[in-house]
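Hi everyone, thanks for having me.

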Amino acid sequence: KSNERNMMEEIMNNGPIVVSFEPAADFMYYSGGVYHSIEPEYIQRGQPRPEWERVDHSVLCYGWGETEDGEKYWLLLNSWGSGWGENGSFRMRRGVDESAIESLAEAATPYIVTKQ
């Protein structure tokens with residue numbers, strides 16, 4: 001149950017976070033720009049998002065920005081190598097819960113476990 005503001009605060013205060021989503025088929029072919037998919041049918045019909053979202057891909061969200069024409073976006077790092085997207089990264093619409101990415105963010109505090 002995250003949102004745009006919570007994500008921005010967490011990144012600003014503690015660094016990158018993990019976000020998960022169910023990529024649409026066109027996501028594999030992303031090569032640049034601000035990504036957005038076709039709205040799911042339930043949104044097109046004016047229905048709310050379901051309580052549970054299907055996800056099968058996670059990426060690192062490390063910042064945000066805005067294009068010259070005012071389109072807001074997240075800065076994200078994918079795991080598919082530097083030959084994909086914008087040198088392994090991509091931008092996704094921000095503020096509209098694109099692909100449910102804003103409702104499925106996770107923050108964590110990593111720590112080193114040492115053997116004793």
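Let's start with Y62: at 35% relative accessibility, Y62 counts as partly exposed, because that class lies between buried, under 20% relative accessible area, and exposed, over 50% (1.4 Å probe, protein chains only). This is a predicted model, where local features need pLDDT of at least 70, side-chain atom pairs count only at pLDDT 80 or more, and totals for chains, interfaces and linings use all residues. Residues are numbered from 1 along each chain as its sequence is written, and side-chain values use heavy atoms, leaving out hydrogens and water.

Where does Y62 sit? Y62 is found in strand β3, residues 57–66. Helices (H or I, at least four residues) and strands (E, at least two) are DSSP runs, numbered from the N terminus.

Now the neighbours of β3. Strand β1, residues 17–21, pairs with β3 in the antiparallel sense over five bridges; pairing here takes at least two DSSP bridges between two strands.

How many residues lie between β3 and β4 in their hairpin? Five. In that turn, G70 has a positive phi of about 90°.

Finally, the whole protein. It has two helices and six strands, following the pattern α-β-β-α-β-β-β-β along the sequence. Of its 116 residues, 35% count as buried.
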